[in-house]
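Trainee: I've just opened this one and could use a guided tour. Can we go through it together?
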Amino acid sequence: MDYPISRQPEFRYKTEFQSHEPEFDYLKSLEIEEKINKIRWCQTANGALFLLSTNDKTIKFWKVQEKKVKKISDMNLDPSKAVGNGSIASSSNSSSPKPCLANGGSPDRSYNYLGNDFSFPPGGLPSLRLPVVVTSQETNLMARCRRVYAHAHDYHINSISNNSDGETFISADDLRINLWNLEISNQSFNIVDVKPANMEDLTEVITSAEFHPTHCNMLAYSSSKGSIRLIDLRQSALCDSHTKLFEEPEAPGSRSFFTEIIASISDIKFAKDGRYILSRDYMTLKLWDINMDSGPVATFQVHEYLRPKLCDLYENDSIFDKFECCLSGDGLRVATGSYSNLFRVFGCAPGSTEATTMEASKNPMRRQVQTPSRPSRSLTSITRVVRRGVETPGVDANGNSFDFTTKLLHLAWHPTENSIACAAANSLYMYYA
């Protein structure tokens with residue numbers, strides 16, 4: 001990203017590399033896709049970029065660095081006669097095979113052959129100079145896999161999160177969370193295990209896990225029952241008990257067949273200062289204050305108009321889609337995706353009524369929606385309030401009917417700039433305000 005202060009940023013292609021390849025687990029007769037589930041940036045060092053990437057089973061630690069191109073110079077022979085493997089092509093009149101003596105000599109004294117594609121010039125070389133490797137001013141971006149962390153998860157990895165200490169990270173699957181050291185790839189520590197002795201007693205699974213941005217001993221993980229647990233690694237080696245539990249009590253008389261399905265949290269994110277946690281379930285975004293576990297301090301309705309269509313969404317499995325969420329670096333806005341490649345941005349600062357819907361396309365349409373007056377009840381510095389985005393039933397921002405096959409699941413907010421990256425289908429869209 002490179003831009004002057006007076007204009008919006010311009011993004012240029014940097015590099016690409018293959019992170020994972022398809023694998024086959026012969027022990028379990030299981031095919032492992034190369035599809036990447038999560039990517040996390042790590043601390044930079046010496047001008048190099050470091051990142052963690054994971055597919056369903058294997059995590060890799062990558063180093064991406066600019067390196068100067070090295071070339072070979074000061075060759076004795078004419079480079080114009082060089083062939084693909086670096087050797088020198090023979091002259092045209094020597095293409096026919098020459099008879100050789102038993103000791104490797106040749107009856108033709110004008111040429112001494114070392115091979116079929118190399119010959120000394122008549123009279124030999126005046127002197128032999130070894131080629132020299134010199135570093136040019138050209139640079140190439142090189143990606144190198146530093147570590148591979150494998151064979152630690154029985155179930156598909158859904159989250160990775162690096163610690164603020166710069167030395168450790170966690171990986172989570174449906175039933176376990178493991179703690180790794182970046183420098184040690186053959187050993188991890190199991191810190192959360194929700195697997196029951198009898199799998200028939202299983203009632204919830206882990207859906208997302210995230211380290212606290214500043215306290216290296218704290219992390220949070222969400223579950224399929226709509227709860228978030230905050231744990232402290234200083235309490236015990238295996239964190240079976242939580243420090244705090246965040247969940248919203250179910251409204252009386254509101255239970256239905258779909259209640260537990262849509263309550264499942266698909267993603268959680270800490271605010272930059274670590275004070276708040278943003279969670280995304282199927283219908284809403286919720287903002288939680290870690291000092292108050294009685295309920296969320298703000299709830300944002302993402303697509304409430306889909307509630308009458310839950311049966312259809314269940315039939316086509318769309319109800320199990322996992323949408324991500326993100327917060328701006330200043331903590332004043334939150335964002336998440338929806339169907340028809342739409343994404344929603346809500347203001348979460350005290351007094352804000354911002355609720356914007358945009359479409360991830362080359363010509364996005366932006367609508368500003370005024371929300372109802374805020375309730376008078378106050379909870380700490382943020383009022384608990386429900387805000388809605390554009391809610392024309394069955395119609396998107398362009399007036400078209402909703403398409404549940406096009407969905408915006410992945411998006412990220414720049415940590416310092418006011419820009420959002422959105423992934424829709426096979427395209428990446430950057431929005432800057």
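This is a predicted model: local features need pLDDT of at least 70, side-chain atom pairs count only at pLDDT 80 or more; totals for chains, interfaces and linings use all residues.

Trainee: What do the side chains of Glu-324 and Lys-38 do together?

Mentor: They meet in a salt bridge, at 3.2 Å from N to O. Glu-324 sits in the loop between helix 2 (310-315) and strand 21 (325-327), while Lys-38 belongs to strand 3 (residues 38-41), so the bridge ties together parts that are 286 residues apart in sequence.

Trainee: How many salt bridges turn up in the whole structure?

Mentor: A search of the whole structure gives 16. One of them joins Glu-183 to Arg-147, with the closest N and O atoms 2.5 Å apart. That pair links distant parts of the chain too: Glu-183 is in the loop between strand 11 (176-181) and strand 12 (184-193), Arg-147 is in strand 8 (residues 132-149), and they are 36 residues apart.

Trainee: Which residues are linked in a network of salt bridges?

Mentor: Lys-28, Asp-154, Arg-176 and Asp-193 make up such a network.

Trainee: And what about Asp-232 and Arg-234, how do their side chains meet?

Mentor: Through a salt bridge, 2.8 Å from N to O.

Trainee: Is Asp-232 buried or exposed?

Mentor: Asp-232 has a relative accessible area of 12%, under the 20% cut-off, so it counts as buried. Arg-234 is at 64% relative accessibility, over the 50% cut-off, so it counts as exposed.

Trainee: OK, switching to the fold. How many helices and strands does the protein have?

Mentor: Two helices and 29 strands.

Trainee: What holds strands of a sheet together, in general?

Mentor: Backbone hydrogen bonds, with the strands either parallel or antiparallel.

Trainee: Back to this sheet, then. How many bridges join strand 15 to strand 16?

Mentor: Three, and those two strands run antiparallel; strand 15 covers residues 228-232. If you want a spot to look at, Leu-230 stands opposite Lys-244 in strand 16.

Trainee: Now the aromatics. How many aromatic pairs are there?

Mentor: The count comes to 17. Phe-300 and Phe-346 form one that is stacked, with 5.2 Å centre to centre and 25° between the planes. Phe-300 is in strand 20 (residues 298-301) and Phe-346 in strand 23 (residues 342-347), so to speak a link between distant parts of the chain, 46 residues apart.

Trainee: Are Phe-300 and Phe-346 buried or exposed?

Mentor: Buried, both of them.

Trainee: Which residues form an aromatic cluster?

Mentor: Phe-257, Phe-258, Tyr-314 and Phe-320 form one cluster.

Trainee: Last topic, the whole protein. What share of the residues counts as buried?

Mentor: Of its 433 residues, 42%. The protein exposes about 24200 Å², and carbon and sulfur atoms supply 51% of that.

Trainee: And what part of the contacts comes from residues 24 or more positions apart?

Mentor: They account for 52% of the contacts with a separation of 6 or more.

Terms used: Residues are numbered from 1 along each chain as its sequence is written. Side-chain values use heavy atoms; hydrogens and water are left out. Rings of Phe, Tyr and Trp (its six-membered ring) pair if their centres lie within 6.5 Å; planes under 30 degrees apart count as stacked, over 60 as edge-to-face and the rest as tilted. Helices (H or I, at least four residues) and strands (E, at least two) are DSSP runs, numbered from the N terminus. Buried means under 20% relative accessible area, exposed over 50%, partly exposed in between (1.4 Å probe, protein chains only). Two strands pair if DSSP finds at least two bridges between them. Contact means heavy atoms within 4.5 Å. Accessible areas come from the Shrake-Rupley method with a 1.4 Å probe; for residues, only the protein chains shown count as cover. A salt bridge is a side-chain nitrogen of Lys or Arg within 4 Å of a carboxyl oxygen of Asp or Glu.
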